[in-house]
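Trainee: Could you take me through the reading of a helix, a set of domains and a chain contact, with the criteria spelled out as we go?

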Amino acid sequence: MTREEIIAEINAELAEEFEIDEATITPDAPIYQTLELDSLSLVDLIGIVQTKYGVLISKAELPTIKTFAQLYDYIEQHQK
Amino acid sequence: MNDVLIIGSGLGGLACGTLLAGRGLKVLVLESSNQPGGCMQSFRRGGLHYDTGLHYVGGLAPGQTMHKAFSQLGLMDLPWQRMDEQFDRVIIGGRHFAFSQGYDAFAEGLAKDFPHQREALFGFVHRLQHITAADMEVSAYDYLRQTFSDELLLNVVSAAAMKTELRRESLPLFNFAHTCSSFIESSWRLKGDGNLLVNKLIGSIQQAGGKVLTGSKVVRLTEKDGRIVSAVCADGQTYEAEYFISDIHPATLCRMLEDCPSVRKAFRRRMAAAENTCGMFTAQLSIKPDALPYFAHNVFVYDKPNVWTMTEENEPVKGVMISARMPENDSDSLRQIDLLTPMPWHECEAWADTKVGHRGDDYQSFCRNKAQQCIALAEQYIPQLGELIEQCYTSSPLTYRDYLGSPEGSAFGMRKDCRVPMLSFHSVSTPLPNLLLTGQSIILPGIEGVTMTAFETCSKIA
């Protein structure tokens with residue numbers, strides 16, 4: 001998948017699953033605030049990425065993903 | 001108004017109810033079926049009581065894993081009887097092995113059969129006693145392969161872990177170890193049926209002013225201002241409470257939360273998409289009077305050393321657990337034996353649309369055939385068992401699904417996966433601060449796992 005395809009797909013998925021307006025998802029937007037993530041819903045985010053792309057975000061690397069752009073990077077680099 | 005409303009009266013729900021009622025909280029337990037107890041319930045046929053999920057319990061001696069928890073729940077008052085020193089016997093490919101109670105005795109006993117693996121055996125029992133949450137990320141199978149160079153011994157130490165789903169690619173060491181450890185500490189059978197345990201817990205709840213209502217199927221939970229305020233039952237009754245605890249499968253709970261704005265799709269779908277463990281097939285036998293002496297140990301019989309892969313192969317049955325029921329009349333002879341073998345859902349999926357008592361002749365014939373295979377294996381330990389049987393009652397994952405509401409008849413709830421521990425071990429918390437989870441799907445299955453999870457759930461209620 002190209003980066004553009006990943007962005008289009010994951011944005012739509014996250015908007016649907018976390019019940020937010022897709023327009024609020026921009027590359028530099030803070031992921032935690034935008035998706036209103038807490039420790040429980042963070043697991044939901046990890047689950048979506050794992051199910052959709054087979055990419056497991058490791059506990060160690062989780063703190064490096066702060067924006068949507070960093071999430072796209074992570075998926076792009078780790079997708080099989 | 002109730003302080004705590006608990007959905008489901010399995011061991012987890014009743015343990016939470018007992019602990020919270022003991023703290024002075026007003027507890028209401030709602031059970032959808034007409035009989036409380038979930039997997040702990042027993043049923044009566046031909047004057048004998050048969051258990052569904054209770055066979056033996058580990059670690060009940062003072063100072064051991066389960067003693068404190070069972071004491072707090074009032075369950076140490078029940079007539080527990082310590083099993084034989086060699087509490088589990090294993091037969092693989094005709095060779096006999098025994099598990100002794102006590103970690104050192106366990107290792108020493110097996111070292112007699114596997115002297116070249118003596119060091120590995122002592123390392124194994126040491127590891128069992130030092131399990132931490134980090135072992136949720138460790139593969140049980142990989143650990144055993146690294147520990148035991150002898151393939152047969154790897155199978156022998158795994159043989160009694162039929163109490164969980166032995167799946168090479170996913171089973172965490174954390175779960176495998178908890179399945180083994182407390183039984184090695186000490187193993188116990190209840191003199192009487194599982195309803196003794198169920199009634200004891202219900203009695204404690206009632207004595208503290210709580211209630212357990214059967215035939216009360218919750219269909220919807222109502223949210224107001226970010227908290228659950230009431231449970232609505234199929235009969236239209238509505239019950240209010242400060243806190244709600246779910247002791248049902250999380251996927252079933254999520255269907256009750258569809259109108260709750262605080263529970264977003266991501267959470268509901270994650271719970272609904274979680275994989276379930278396999279089910280079990282059980283042949284429950286009544287034995288002719290005075291025909292067979294009682295034995296206070298379990299026997300695990302396998303045709304060959306394929307303990308970890310047998311469910312991947314098709315019929316016939318490759319492994320069976322033999323559990324003798326303790327005679328209640330102090331007779332030396334037993335009257336009942338349970339034979340259990342793992343059974344994946346796909347084996348009974350053809351009858352998925354049928355209901356209890358209306359599954360058709362082909363299903364009956366399937367069950368008879370499977371029971372015969374279990375009996376044939378069990379005859380490696382009890383010669384001519386087939387000739388001693390009066391009656392044989394069978395249950396499959398379909399039975400578990402229809403009586404206990406377990407999706408796909410899963411025997412151990414949602415699967416734990418060492419490759420994705422964050423996604424498969426669950427928090428007792430939910431997106432709603434006053435809705436908590438308990439039961440076998442959350443952290444660990446089995447009597448020990450469910451009891452410990454109940455303590456964790458209750459710790460969240462101030």
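The dialogue below takes these topics in turn.

Mentor: This is a predicted model, in which local features need pLDDT of at least 70 and side-chain atom pairs count only at pLDDT 80 or more, while totals for chains, interfaces and linings use all residues. Residues are numbered from 1 along each chain as its sequence is written, and chains are lettered from A and ligands numbered from 1 in the order in which they are written.

Trainee: What should helix α8 of chain B span at 1.5 Å a residue?

Mentor: Helices are DSSP runs of H or I with at least four residues, and strands runs of E with at least two, numbered from the N terminus. The expected span is 1.5 Å times one less than the number of residues, so the 14 residues of α8(B), 194-207, should span 20 Å, in agreement with the 20 Å between its end C-alpha atoms.

Trainee: Which residues are buried in α8(B)?

Mentor: A residue is buried if 20 or more other C-beta atoms, placed from the backbone, lie within 10 Å of its own; in α8(B) these include B:Leu197, B:Val198 and B:Leu201.

Trainee: Into which domains is chain B divided?

Mentor: With bounds from an automatic or database domain assignment, chain B has domain 1 (2-54 + 193-274 + 416-459), domain 2 (104-188) and domain 3 (276-409). The centres of domain 1 and domain 2 of chain B, taken over C-alpha atoms, are separated by 31 Å.

Trainee: How many residues does the contact take from chain B and from chain A?

Mentor: Counting residues as in contact if their C-beta atoms, placed from the backbone, lie within 7 Å, the contact takes 13 from chain B and 15 from chain A. On the side of chain B, the largest share, six residues, comes from α10(B).

Conventions:
Contact = placed C-beta atoms within 7 Å. Buried ≥ 20, exposed ≤ 12 C-beta atoms within 10 Å, placed from the backbone.
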